[in-house]
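Me: I would like to go through the strands of this model with you. Could you look at it and take my questions as they come?

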Amino acid sequence: MHNRQLIASAIGCDLKNFVFCRQIHSDGVYKVTENDLGRGADFLQHNTIQDVDALITNVPKAILCIKTADCLPVFIYAPTHRAVGIIHAGWRGTIRNIVKKTICQMGVHYGVRAEELLAVVGVGCGVCCYEVGEKVAEQFDNNYIYPYGNSLHLDLKCAIKDQLISTGVRSSNIHISTTCSICNSEDYFSSRAQKGAGGYGLAAIGLL
Ligand SMILES: [Zn+2]
C-alpha cells in the first residue's frame, strides 16, 4: 500500500481510482466504469475485479493495474477514441489469445480500430531465461521455441507481438521492452529468479 501511494502521488492520481484484478491466467476482459472507482481505500476488497486478466476503460482518471513478475504486461492506448487497456499475458493467456480478445472488446465498447492503437509490451520473461517444458512448448508455433542446450526456451514477447500484428496493430506502433525480468531480478521482481519469494511489479495505464 505504501508503494502504491508513492506511485499515485508521483503521477498525480487518486489511489481510490486504481483498479486491480484478481489474475488467474484467463482470457477474461473487464470493462471498468465509473461504478468501479472511488469506493474507498481498501482495494483488496473493493477495487479488485474478480478473475479476469485484462482491464479496459474510457473513463478519465481510472488507473487500470495489473501485477507481474515475469509474465508480460501489455499496455494498449487508443489516442483517437480515447480508450486504454492493460493485459496480464503469460503463456496461458497468450495461448488463449487474450491480447486479441482485449482489443476486440475495445472495438465493441469504444469503437476502437486496431490500426490506431499504440501498444507496449513491458518488462518480463525474455527468451534468454524463459525455460519451458515440452508440454508448454508444443502449444506454441515452433517459431517461438528455441533450444538452449538440453532445454527449450519460449520467446513470449515475440508471440505477443505477432498476436498484436495479426489483430491489426501496426508493427511501427508496437514497442517491446528488451529487458528480461529474470536476469535483471535486482531491478525487477521475478517469480523465477526469486523463487516466488519476491513481490510484483505494477503495470498501470489511464487517461488523465
Ligand atoms: Zn533473461
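Me: How do β5 and β13 pair, and over how many bridges?
Reply: Strand β5, residues 63–68, pairs with β13 in the antiparallel sense over six bridges. Strands pair here if DSSP finds at least two bridges between them; strands are DSSP runs (E, at least two residues), numbered from the N terminus. The model is predicted: local features need pLDDT of at least 70, side-chain atom pairs count only at pLDDT 80 or more, and totals for chains, interfaces and linings use all residues. Residues are numbered from 1 along each chain as its sequence is written.

Me: Which residue of β13 stands opposite Ile66?
Reply: Ala203 stands opposite Ile66.

Me: What order do the strands take in that open sheet?
Reply: Four strands form the open sheet, in the order β3-β1-β5-β13, with mixed pairing. β3 (48–49) and β13 (201–206) are at the edges with a single partner strand each, so one side of each has no neighbour in the sheet.

Me: Changing topic: how many residues of β7 are buried?
Reply: Seven of the seven residues in β7 (83–89) are buried, meaning that 20 or more other C-beta atoms lie within 10 Å of a residue's own, with C-beta atoms placed from the backbone. Ala83, Gly85, Ile87 and Ala89 point one way from β7, and Val84, Ile86 and His88 the other way.

Me: And which residue is opposite His88?
Reply: Pro73 is opposite His88. Strand β6 (residues 72–78) runs antiparallel to β7, joined by seven bridges.

Me: What lies between β6 and β7?
Reply: Four residues lie between them in a hairpin, and Arg82 in the turn has a positive phi of about 55°.

Technical notes
Buried ≥ 20, exposed ≤ 12 C-beta atoms within 10 Å, placed from the backbone.
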